[in-house]
Amino acid sequence: VSTQSTGTLDVVRARTFIGELKGLDPADIDVTVVGGHSGITILPLLSRVKGVSFTQEEIEALTHRIQFGGDEVVKAKAGAGSATLSMAFAGAEMTASVIRAAAGEAVTECTFVAQQEGPAFFSCPVELNAEGVKTIHRDLGVLSDYEQKLLGELEGELNKNVEKGVSFVNSQY
């Protein structure tokens, strides 16, 4: 999975879990997922899902499920595999988005971008068009109190993840 489609994978999981909870078609759900790609670094912005309301209990349970959705698959496979079909689907979704953007459609995907402040890499909405990246939406705007709390908590863990990834890459080359 490329760094572009890891954000897409988290969005795919979020759409799926919201759809299951609310009896909706995941394809009709627009949800933004920011941050990182492991555990508490994944932050679904459920307050922005249009046409759907959640109780605080649902928000907390859904957020946790989205954050640890990959673990569900590993447990279901009794440790004998990972969420390869989910990753393949997310890769296909991202590829389709890039193709639509190349054809002139304005497309937004959540993807990792390098940053000067905060974690070195952070997944946020990125607008794509025929020329490539049009706009990176680093400013997340207004968040719910719960989302703001989780955003503050994820940064330290995301920094550790980024450092680990950079160290791994550096050790390979």
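The model is predicted: local features need pLDDT of at least 70, side-chain atom pairs count only at pLDDT 80 or more, and totals for chains, interfaces and linings use all residues. Residues are numbered from 1 along each chain as its sequence is written, and side-chain values use heavy atoms, without hydrogens and water.

**Fold**
- The protein chain has 5 helices and 5 strands (DSSP runs: H or I of at least four residues, E of at least two, numbered from the N terminus).
- From the N terminus, the order is α-β-β-α-α-α-β-β-β-α.
- The radius of gyration is 16 Å, close to the 16 Å of the globule rule for 173 residues, so the protein chain is as compact as a globular protein of that length (C-alpha atoms; 2.2 Å times the number of residues to the power 0.38).
- The C-alpha trace spans about 45 × 40 × 35 Å along its principal axes.

**Burial**
- Of the 173 residues, 38% count as buried (under 20% relative accessible area, 1.4 Å probe, protein chains only).

**Largest pocket**
- The largest pocket has a volume of about 520 Å³ (the space filled by probe spheres set on the grid points).
- A pocket is an open set of points on a 1 Å grid, where a 1.4 Å probe fits, with protein on both sides within 12 Å along at least five of seven lines; lining residues have an atom within 4 Å of a point.
- Of its 23 lining residues, Val-11, Asp-30, Val-31, Thr-32 and Thr-108 are the closest to the centre.
- α1 (3-22), α4 (84-102) and β3 (107-114) each supply at least two lining residues.

Conventions. Buried means under 20% relative accessible area, exposed over 50%, partly exposed in between (1.4 Å probe, protein chains only).
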